[in-house]
Amino acid sequence: MIIKFLYDKGLRSEHANTVACAAIGLSVASWFTSRKVESQGVDRADRWGIFVATWPATWFGLGQALNQYERSVISFGR
């Protein structure tokens, strides 16, 4: 089970949710940076922003799965 493996390695739901929030900020930052630094224009900046914006959903989902696992460990013990 992947969630158990990640939990045993020290990853907690708070960590995954923090990464998800940081990825939202990174998405906005990458859009602004790409828009200002690269000469390809807004289309390229939009692609960068959308690419990075796909990450938070994965991390929030992982955080939710870890949260449920943490609750089961607390409720039922290991």
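**Figure 1. W55 is a partly exposed tryptophan.** At 35% relative accessibility, W55 counts as partly exposed, because that class runs between the buried limit of 20% and the exposed limit of 50%. W55 lies in helix α4. The model shown here, and in every view below, is predicted.

**Figure 2. F51 and W55 form an edge-to-face aromatic pair.** The two ring centres are 5.4 Å apart. Is F51 buried, partly exposed or exposed? Its relative accessibility is 45%, so F51 counts as partly exposed.

**Figure 3. W48, F51 and W55 form a cluster.** Ring pairs link these residues.

**Figure 4. Y7 and Y69 pair edge-to-face.** The structure holds four aromatic pairs. In the pair of Y7 and Y69, the ring centres are 5.2 Å apart and the planes stand at 65°. Why does this count as edge-to-face? The angle of 65° is what decides it, because planes over 60 degrees apart are classed that way. Which parts of the chain does the pair link? Y7 belongs to helix α1 (residues 2-8), and Y69 to helix α4 (residues 55-76). These are distant parts of the chain, with the two tyrosines 62 residues apart. Both Y7 and Y69 are buried.

**Figure 5. R12 places its charged end over the ring of Y7.** The distance from that charged end to the ring centre is 3.9 Å. The ring of Y7 also pairs with the ring of Y69.

Notes
Residues numbered from 1 in each chain as written. Predicted model: local features only at pLDDT ≥ 70, side-chain atom pairs only at ≥ 80, totals over all residues. Heavy atoms only, no water. Phe/Tyr/Trp six-rings, centres within 6.5 Å; stacked < 30°, edge-to-face > 60°. Helix = DSSP H or I, 4+ residues; strand = E, 2+ residues; numbered from the N terminus. Buried < 20%, exposed > 50% of the residue type's maximum accessible area, 1.4 Å probe, protein only. Lys NZ or Arg CZ within 6 Å of the ring centre and 35° of its normal.
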